[in-house]
Amino acid sequence: MDSLHAFSDIQATLSYLAPPYISKVEQAFKFAKSAHFSQSRISGDPYISHPLAVAKILAMLKLDHHTIIAGLLHDVIEDTEVDLQELELSFGVEVAAIVDGVTKISSVKYKDVVSYQAENYRKMFMAMTNDIRVIFVKLADRLHNMRTCQVMSVESKRRMAKETLEVYAPIAKRLGMHNLSQELFELGFSACYPARYSVLLEHMYRVNSGQAEVLAHLSYQIKTQAKAQGVEIVETSFREKQLYGIYQKMISKRVSFSDLMDVYALRICVKRISDCYQLLGIVHSLYRPKERQLKDYVAAPKENGYQSIHTVLYGPYDMPIEIQIRTTEMHLVATQGVAAHWIYKSGASVLNQQKQQDWFKRLIEAQDNSSIDEDYLQLVKHQIFSEEVYVLTPKGKVIELKRGATVLDLGYFIHTDVGNHSVYAHVDHIRAPLNQVLRNGQTVHIHTDTQSTPSADWLTFAVTAKAKTAIKQFLRDKKILSERKIGRQIINAGLKLRGIEGEQNEQIFAHIAKSCELQDVNELFEALSLGRLRVEWVIEQSLEMLKSAQAGRDRMTIHISDAERDSVEISRCCYPIAGDRSVAVTGGSAVVVHRATCRAAKRLADQVVTVKWGINEIMFECVLTVNTFTQSTNLAYIVAMIIDMKSRLISLTSEEQKGTIAHRLKISVQSLEHLALIIQSINQIKMVHSVKRELRCGSSFLEQASQAS
């Protein structure tokens, strides 16, 4: 073990680090070797062989010593007795944070594999937003596991390969780490679809042998001409096509292998950016360029930081040949992506790293729109795989969306409420429907209407996972609300059949829900709607509780009849009348009746009980405010109307206001119904602008108010 898996295995790859850092890496190796001493891999190899290989992959990327140390220690928390605090004390906060970000959520039990996987992704993406080196260690870990997966069972190997193809290889590609992503794709493809991989590999060998001769001849021509014009070519290489990429295109485009292998590719590296453009002129002078195939990613880099000039020529024998021209630094970024930041710490590499961390943050934000783990996993995969299209808001803000995204997708990108209420848009000042596909550079203004809400057919043209998830969530919520409404209607209808009218106190239903071990009244209504509870049983329970509540209210109620009128005092602060919802304040020398909304009654410290009216003949005082137009000064009609309605005018004051005269009339009435008839009659008089009962004690509730037509 010591001879096969010693620190010397990676020492040569660490030559780019300063000696003190190499010593710290060696210290971490000894720590990991000791922690994993008694452990072995499935293959029978000592476990230390795995973290050693992971560290070597990271060293080949020339990453900093903290990342290499984290690679050596990435399994110690999960698989040994070492805890995070010990790791932090021995190797510092940075290393401990990276290792913690890589460590799976192993201490928590989840109901299924989907929940476990979703939580792992959430944790990993959260850690990556804080330190991008977490994903470097995770990718190196996955790469070595894929290189050594032959010893795993077929089912386990295929499951890991599928996850590699769906998540880890696309992440590496998104980060611009071409070499690493290409190997992950190839290893995942060969493990998941071994038979298909073997057939395509055999065809690829035959094709490459024919291409090599053509590309060698072209390379010689370009080098000769470049040298003559003073352009130094550092390196030329044949760009191999990726088998998994070919396989995916064969399926999506429904074409044969030979149809995808008719374009040869040559990559050329030079020293300076100016050399890139000069060399472009040289290759175009040698062979005829294909129209509309020139792409300048040097002037406008891709989202993952990739820079290169692409052009397609009609080469020897009129065969199409793709030429890629870039500097050596661009080539390093193209193959190592954001990891190249640790070699070239230029402004561009810092910006590229920040872009990728912003992307991780969007993956974190995705979970806010995905309460269901399956939806979150699909959203993650969609965002990782997506190719981008860039559109502008009316204010000029650039928004990145998945290629093929529609106006509706943009609405949901801006905000869920914007998406939910989208109606149409103006795309470059031309009206467009929600299902219109957006193109690069378009300016889009989305119009909304609060009355507009998502429908199921929106799912047929929504492209982004965020939009689909939000639409599904809205439809689920709408269905739940509908079920709750139906359940409430069922209870009210059942109670009505038994003589109980109107909306009932929610506390009754809350008590029934609790007795059924349901979370709240909403769950009770849903259960009724879906038939999970017997309607008759719930109604019987409601009736029993209503009877009990009524008995309690009767014990706390004062009944006032004609004979008992003299034993109570009617408050002059709010003028309650028979029929008003009223309370009685007891405890003093007399029982004083107030309106239930009276603030004065609420401030009193004495006991307050409910009043039940049983009066038919006693008259009560109340105050009306009648507004008439200024040109109408004769009050005789109003007074006559009051007397005709068997009421009595007690007092009258008038005050001129803006455009009207306000008359304050104190009258006597028998009940609330009597007062309503009087107000209705006064309102029929043409000169009356409005009439209302005056409510005092701060109450803003107007029981009777009307406007003259």
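**Buried residues, cysteines and strand pairing**

His36 has a relative accessibility of 1% and counts as buried (buried is under 20% relative accessible area, exposed over 50%, and partly exposed in between, with a 1.4 Å probe and protein chains only). The model is a predicted one, in which local features need pLDDT of at least 70 and side-chain atom pairs count only at pLDDT 80 or more, whereas totals for chains, interfaces and linings use all residues. Residues are numbered from 1 along each chain as its sequence is written, and side-chain values use heavy atoms, with hydrogens and water left out.

His36 is located in the loop between α2 (19-35) and α3 (49-60). Helices (H or I, at least four residues) and strands (E, at least two) are DSSP runs, numbered from the N terminus. Apart from neighbours within four places in sequence, His36 makes contact with Tyr47, Pro51, Asp75, Val76, Asp79 and Thr80, contact being defined as heavy atoms within 4.5 Å.

The structure contains zero disulfides, a disulfide being a pair of cysteine sulfur atoms within 2.5 Å. For Cys269, the closest cysteine sulfur is that of Cys276, at 8.7 Å, which is too far for a bond. Cys269 is buried, at 2% relative accessibility. Cys149 is buried as well, with a relative accessible area of 5%.

Strands of a sheet pair through backbone hydrogen bonds, in either a parallel or an antiparallel sense. Here, two strands are taken to pair if DSSP finds at least two bridges between them. An open sheet of three strands, paired antiparallel, has the order β10-β9-β11. Its edge strands, β10 (430-432) and β11 (444-448), each pair on one side only. On average, neighbouring strands of this sheet are turned by 30° against each other, direction ignored. Axes are lines fitted to C-alpha atoms, for helices over the stretch in contact, and angles run from 0 to 180 degrees between N-to-C directions.

Within this sheet, β9 (residues 422-427) pairs with β10 in the antiparallel sense over three bridges. Ala425 stands opposite Ala432 of β10. Helix α18 (residues 407-414) lies across β9 and β11, and runs at about 80° to β11.

A further antiparallel pairing, over eight bridges, joins strand β18 (residues 648-656) to strand β19 (residues 660-669). Arg648 has Ser668 in β19 as its bridge partner. The two strands, β18 and β19, form a hairpin with three residues between them. In the turn, Gly659 has a positive phi of about 80°.
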